[in-house]
Amino acid sequence: MLQPRIALRGIRLPFRCLPSLPSPVRGYSTIVKEIEKNKPKPIETPVNTFIDPNVSFAPPPAAILLAFSCAPTLRAPPRGHAKGGRNNSGRVTVRHHGGGAKRRIRTIDFLRMAPGPHTVERIEYDPGRTAHIALTTSKETGKLSYILAADGMRAGDVVQSYMSGIPEDLWKSMGSTVDPGVLAARTAWRGNCLPLHMVPVGTLIFNLGLRPGKGGQLCRSAGTYATVVAKGSDSRQQTIQDEQPEAEKKPLSQRDQQKQERLAQHITVRLSSGETRLIHKDCCATVGITSNPNYQYTQLGKAGRSRWLNIRPTVRGLAMNAMDHPHGGGRGKSKGNVDPKSPWGIPTKSGYKTRPKWKINKAVVHARPRNQGKRRRGYN
């Protein structure tokens, strides 16, 4: 079927090799001038027609300001993220690592030296730890900071730190003297950070420090806590010494004096594992239990969720090639008739081959009578 001819007159084509076209090619400057010439002029309106200078506009919501203010200072990208367990030369040094969602490190205040009340703005998820964290705002300075959230902490709660000393109002309410009962009733609340000597005996604590002036290092994972068992010197030894008459009292040795001084400067704390430790009385501790105690019952549910968490699959050595594992290779399910070994050729089962040569008692083996050995082997 014949197609109708297209008239070239009045049609602009991108080919410059057609001299018979009547319309010349225009430049870009002429087109811009025509557009500006035909552009409608804006309508001029008085300044005070729509906007009243006396009217003040409402500020943006606090949540938006909070998100923008905490983003650059409290969060930072981690170093070495998404390297798949490889070192600087590209070799895999940590197996079963790789992939995973992008993470940002939250800067957590473990020491909490800032005094004054702090308001909990919200409870957040932290990909770098199992427990939840809380974003707090200082009522005095308005500074934002992340702290470890205690179990039961909610947005709107007010927490305070007494690491820098007892506040003046609390000091005056006690009559300028330390009243242990009033001090414990006013300070030992969930989420408050105290020096260890201010925590009453029997209180559950978390985010426990190991050295004075340093942040918390113990009981920071989800659902963990410690218990304050005793404070000061051992009360049992003290009562025994007090009951003895003065004539029978013996002077303490240097070792006993050092022991009493150590007990006077340290607090006895029992951890969740049952271990009992002596920790200096000026170390920090937060009252309560670490948040998210049900983390131990978490079920991933599918393999993809493990990949989100930067966990790669674990493959049996039997299913690998001979070059990848000592158990690999062969036809079918066979590990080459070798003893169980690690991917690097080290024996993994308990027994003779896992012990160093200097630990093998060869004297006992050679001192055994020959007949006894034959009977054991079945040569009677």
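Okay, hi everyone. Before anything else, keep in mind that this is a predicted model.

Let's start inside. The largest nonpolar core has 37 residues. Those with the most contacts inside it are Met153, Leu196, Ile205, Leu208, Ala226, Val269 and Ile279. Where do they come from in terms of elements? Two or more core residues each are given by β4 (133-138), β5 (144-148), β8 (204-206), β11 (226-231), β12 (266-270) and β14 (284-287). Of these, β5 gives the largest share, with 4 residues.

Leaving aside residues up to four places away in sequence, Ile279 touches Leu196, Leu208, Gly209, Leu218, His266, Ile267 and Val269.

Now, cysteines. How many disulfides does the structure hold? The count is 0. Take Cys284: the closest cysteine sulfur is in Cys193, and at 5.1 Å from the sulfur of Cys284 that's too far for a bond. Cys284 is also buried, with a relative accessible area of 1%. Cys219 is another buried one, at 14%, and we'll come back to Cys219 in a moment.

Thr290 sits in the loop between β14 and α7 (303-308). Is Thr290 buried or exposed? Buried, with a relative accessible area of 0%. Its side chain reaches two backbone oxygens: that of Cys219 at 3.3 Å, and that of Thr224 at 2.9 Å. Again not counting residues up to four places away in sequence, Thr290 touches a run of residues including Cys219, Arg220, Ser221, Ala222, Gly223 and Thr224. Ala131, Ala149, Asp151 and Phe206 are among its contacts too.

Stay in that loop for Asn292, which also lies between β14 and α7. Here the backbone is worth a look. Most residues other than glycine have a negative phi. Asn292, though, has a positive phi near 60°. With a relative accessible area of 21%, Asn292 is partly exposed, whereas Thr290 is buried.

Last one: which residue has a positive phi of about 60° although it is not a glycine? Besides Asn292, that's Arg112. You'll find Arg112 in the loop between β2 (105-106) and β3 (117-124). And this arginine counts as buried, at 7% relative accessibility.

Definitions and conventions
Residues numbered from 1 in each chain as written. Predicted model: local features only at pLDDT ≥ 70, side-chain atom pairs only at ≥ 80, totals over all residues. Heavy atoms only, no water. Core = buried A, V, L, I, M, F, W, Y, C linked by side-chain atoms within 4.5 Å. Buried < 20%, exposed > 50% of the residue type's maximum accessible area, 1.4 Å probe, protein only. Contact = heavy atoms within 4.5 Å. Disulfide = S-S within 2.5 Å. Polar contact = N/O pair within 3.5 Å; in protein donor to acceptor, adjacent residues only side chain to side chain.
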